[in-house]
There are 2 protein chains.
Amino acid sequence: MHLELERDRLYVTVDALILTVREGRLYALLSRRKNPPFQGRWALPGRLVGLDEPVEATLDGLLAEMMPEGPRFYEQLYTFSDLNRDPRGRVISIAHLVAVPEAPSGGLTSFEIRLEGDALSLIAPGGGSLPGGELAFDHGGILATGVQRLRGKIDYTDIAFHFLTRPDCFSLGQLQSIFEAVLSCPVDPSNFRRMVKSRYEEPGFIAPLDASTVSPRGRGRPAAMYRVIPKNER
Amino acid sequence: MHLELERDRLYVTVDALILTVREGRLYALLSRRKNPPFQGRWALPGRLVGLDEPVEATLDGLLAEMMPEGPRFYEQLYTFSDLNRDPRGRVISIAHLVAVPEAPSGGLTSFEIRLEGDALSLIAPGGGSLPGGELAFDHGGILATGVQRLRGKIDYTDIAFHFLTRPDCFSLGQLQSIFEAVLSCPVDPSNFRRMVKSRYEEPGFIAPLDASTVSPRGRGRPAAMYRVIPKNER
DNA sequence: CCAAAAGTGTTGGTCGTACACCCATGC
DNA sequence: GCATGGGTGTACGACCAACACTTTTGG
């Protein structure tokens, strides 16, 4: 993205809003811009779409560069096309929402997403707060759109499971903390179990693991573990 | 769209999936292509996005050409970017979902949308059936995506009201027939009224009209009329 | 011309499901 | 201390029944 753009051309980019959940909190993965415009500001990872390149290939390449490899999920979020969203010229961005299990990776920095009233703000790893509007380009708007979409879709899709570090072995408590992080409000454990049973276990999307194979070291009663049934077994 | 496209450039277009409801049935408005590619096939109205033109301006211009003027509603649907979706070159289309009150207009032809099982087919005005896959480009996929989106959003948004010919004077029966057309299944009148009351009337989105000012000539008991409260009065 | 039938709008009830909220028990 | 399960009350949709008001039909 540090190339010169021609003024009489229209460009299409892919921007990735990479979200992850850790310890009951929702994070966005951002990178600091090394070149103008918005040099030094935080931004979503993005890349130009090549003329003969599928958008998915552009995104895959971008994610492979950022994340070391491993499971990830994405879906198209929204296409941002404001005339002046990029001072270099006409750049239309197809923003994607990416859900990854954890963020141990790449040159990206994870910012906690917090909802102050109805506006959201970012908490830097050090602890400093960063208003959403401080991001490069219109990325603050992309962030808001993505979080809103995620919150709206979490309870009638299976997005939440893509945040699990081990989809083959997880407890309902872990899953619940993902829901709580995304919705940013506590969830009743009793209703949550009933919901998971009826919506995911009975349809055969997840299944309980053998009770003997589990060993969740921690305080309190050990949790029963579940696994996501792979698509080819369903 | 009958211009020559340069091979080494990337183009962005806007396609409009214009939907309308008439007599309890859902219609899509299509135009027959006069030029290659896909000459003679039915297609969604579309237009190239100019270099210095906001996408909304492109869409407004397209709709102004197609519809004589009047209320319309649109929202971005999805961006289609397959490499070979347009044989002339790399053309990425930002598809939009448009809801209009009726279709008395333009050079467009209205096809009834029917759901055969889970695939949908189009019924020409003459009565002939047209599989969704017979449309030009990937417009069959755009149609399917749009209908699915509309069905998913109709009962937690106010899209349905944009299909009303007279938002300032409508009956609950008319509104119900819009829901039935979109969902393509009958709706219980009793529950429908309760839903409308709690979701739209009590929040002040619609209000009953004075009983004396109504005169719905027809068989059966005259219906109470309602109006959508304009945004500046809410 | 009048009364009955048919058609549409409107209101009410029951039943089962699902969720909010609370509490008890197992490890 | 955390996981698990049960219980109650409320909200909402599926389904059903009745009533209100109008036009149409048939003597």
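This is a predicted model: local features need pLDDT of at least 70, side-chain atom pairs count only at pLDDT 80 or more; totals for chains, interfaces and linings use all residues.
Two strands count as paired if DSSP finds at least two bridges between them.

**Entry 1: strand β5 of chain A**

I looked up the partner of β5(A) and found that 7 bridges join this strand to β6 (residues 90–99) of chain A, the two running antiparallel. Within this pairing, A:Phe73 stands opposite A:Ala99 in β6(A). I then asked how many residues of β5 (residues 73–80) of chain A are buried. The count is 6 of the 8, so the strand is largely enclosed by the rest of the structure.

**Entry 2: strand β2 of chain B**

I turned to β2 (residues 25–32) of chain B, which is mostly covered, with 6 of its 8 residues buried. I listed its partners one by one.

- β1 (residues 10–22) of chain B pairs with β2(B) in the antiparallel sense over 5 bridges, and B:Val21 has B:Leu26 in β2(B) as its bridge partner.

**Entry 3: an open sheet in chain A**

I traced a sheet of 3 strands in chain A, which is open, has the order β10-β12-β11 and is paired antiparallel. Which strands stand at the edges? They are β10 (170–171) and β11 (206–208) of chain A; each has a single partner strand, so one side of each is left without a neighbour in the sheet. I noted 2 bridges between β10(A) and β12 (residues 225–228) of chain A, with A:Phe170 opposite A:Tyr226 in β12(A). Both of these residues also belong to a cluster that ring pairs form with A:Phe161, A:Tyr200 and A:Phe205.

**Entry 4: aromatic rings**

I searched the whole structure and recorded 18 aromatic pairs over all chains. One of them joins A:Phe179 and A:Phe192 edge-to-face, at 5.1 Å centre to centre and with 70° between the planes. This pair links distant parts of the chain, 13 residues apart: A:Phe179 is in helix α3 (residues 172–183) and A:Phe192 in helix α4 (residues 189–201) of chain A. Both residues are buried.

B:Phe161 is buried, with a relative accessible area of 4%, and B:Phe170 is buried with 0%.

I also checked for charges over rings. A:Arg22 lies over the face of A:Tyr27, at 4.4 Å from the ring centre, and B:Arg22 lies over the face of B:Tyr27, at 4.4 Å from the ring centre.

**Entry 5: the two chains together**

I superposed chain B on chain A by a rotation of 180° with 0.0 Å of shift along its axis, at an RMSD of 0.1 Å. The two copies are thus related as by a two-fold rotation axis. The same surface serves both copies, as 100% of the contact residues of chain B recur in chain A.

I counted 20 residues of chain B in contact with 21 residues of chain A. The area buried between the chains is about 1900 Å², of which carbon and sulfur atoms give 53%. B:Arg9, B:Leu51 and B:Gln76 supply 30% of the area that chain B buries against chain A, more than any other three residues.

Key. Residues are numbered from 1 along each chain as its sequence is written. Chains are lettered from A and ligands numbered from 1 in the order in which they are written. Side-chain values use heavy atoms; hydrogens and water are left out. Copies are superposed by least squares on the C-alpha atoms of residues with pLDDT of at least 70 in both. Contact means heavy atoms within 4.5 Å. Rings of Phe, Tyr and Trp (its six-membered ring) pair if their centres lie within 6.5 Å; planes under 30 degrees apart count as stacked, over 60 as edge-to-face and the rest as tilted. Helices (H or I, at least four residues) and strands (E, at least two) are DSSP runs, numbered from the N terminus. Buried means under 20% relative accessible area, exposed over 50%, partly exposed in between (1.4 Å probe, protein chains only). A charge sits over a ring if NZ of Lys or CZ of Arg is within 6 Å of the ring centre and within 35 degrees of the ring normal. Buried area is the accessible area (1.4 Å probe) that two parts lose on being put together, summed over both.
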